[in-house]
Amino acid sequence: MNSSKTVAVVDYGMGNLRSVSQAVQHVAQGSGFDVVVTSKPEDVMAAERIVLPGQGAIADCMRELAESGLLESVLHAAAHKPLFGVCVGMQMLLTHSAEGRPGDGGVGTPGLGLIPGEVLKFDLAGQLQADGSRYKVPQMGWNQVDQSAFNDPKCHPIWQGVPDGSYFYFVHSFYACPSDARHTAGTATYGERFAAAIARDNIFATQFHPEKSADQGLALYRNFLNWNP
């Protein structure tokens, strides 16, 4: 494996691997990058860039990542290489999630601790949307993303060429709440304003699915390949 030309999509049994890998492969054509879907820690260690997808319950994702033997290689990658987290792959980057298993007493699930913060559940009971309908959880569908953080008008380089307020596709009941607002790289509103994208140093992650978000989503993956944090 040529480490200078490889993007590893981490396969720990819980990601939307087919659509993510196809999207990254599409934008990688002619770029000189090879895209591999891998369950091998040595491939993750050797790759130059990492994509960490995730779907389902975060407790299952964290367990599978550990049991797959990939945990240490992902942590190493997150400290040294550009890493793109997607959906639950984003939530896993934070310190802790309120989502746990039934009967766990509300303990929730520890995350990777790469970006300080909590993952919280939407609490939209009794709130109505503009058309008078009730908010449904999970949020499922297209929503606009504001590229500025809560208190910082500067946009992250991965947004380059993507119009502010573009629509992206979301499917989630929980959302990230970084402890430091500077780690919020984009926001959306669904009953309340929340972090739709987070970033720190060499890490960028989205709650929405770029691979399901048409041209604007592909632009994010393309920018990730060209990003030099």
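A search of the whole structure finds zero disulfides, where a disulfide is a pair of cysteine sulfur atoms within 2.5 Å. The model is predicted, so that local features need pLDDT of at least 70 and side-chain atom pairs count only at pLDDT 80 or more, while totals for chains, interfaces and linings use all residues. Residues are numbered from 1 along each chain as its sequence is written, and side-chain values use heavy atoms, with hydrogens and water left out.

**Cysteines**

The sulfur of Cys87 has its closest cysteine sulfur in Cys61, at 8.6 Å, which is too far for a bond. For Cys177 the closest cysteine sulfur is that of Cys87, and the separation of 17 Å is again too far for a bond. Cys87 counts as buried because its relative accessibility is 5%, whereas Cys177, at 35%, counts as partly exposed; buried means under 20% relative accessible area, exposed over 50%, and partly exposed in between, with a 1.4 Å probe and protein chains only.

**Backbone features in loops**

Helices (H or I, at least four residues) and strands (E, at least two) are DSSP runs, numbered from the N terminus.

| Residue | Backbone angle | Loop between |
|---|---|---|
| Pro138 | omega near 15° (from Val137) | β7 (115-121) and β8 (139-144) |
| Asp201 | phi about 50° | β12 (193-200) and β13 (203-206) |

The peptide bond from Val137 to Pro138 is cis. With a relative accessibility of 56%, Asp201 counts as exposed.

**Core and contacts**

The largest nonpolar core has 71 residues, and those with the most contacts inside it are Tyr12, Val51, Met92, Leu93, Trp159 and Phe204; such a core is a set of buried Ala, Val, Leu, Ile, Met, Phe, Trp, Tyr and Cys residues joined through side-chain atoms within 4.5 Å. If residues up to four places away in sequence are not counted, Leu93 touches Leu52, Leu83, Leu112, Gly113, Leu114, Ile115, Ile203 and Ala205, a contact being heavy atoms within 4.5 Å.

Ala185 lies in strand β11, which covers residues 184-189, and is buried, with a relative accessible area of 7%. Leaving aside neighbours within four places in sequence, Ala185 is in contact with Gln147, His156, Trp159, Ala197, Ile198, Ala199 and Phe204. The C-alpha atom of Ala185 is separated by 18 Å from that of Leu225, a residue 40 positions apart from Ala185 along the chain.

**The chain as a whole**

The chain contains six helices and 13 strands, and its C-alpha trace spans about 55 × 45 × 30 Å along the principal axes. Its radius of gyration of 17 Å agrees with the value near 17 Å that a compact globule of 229 residues would have; this radius is taken over C-alpha atoms, and the globule rule is 2.2 Å times the number of residues to the power 0.38. Of the 229 residues, 50% count as buried. Among contacts with a separation of 6 or more, residues 24 or more positions apart account for 73%. The chain exposes about 10100 Å², of which carbon and sulfur atoms supply 49%, with accessible areas from the Shrake-Rupley method with a 1.4 Å probe, where for residues only the protein chains shown count as cover.
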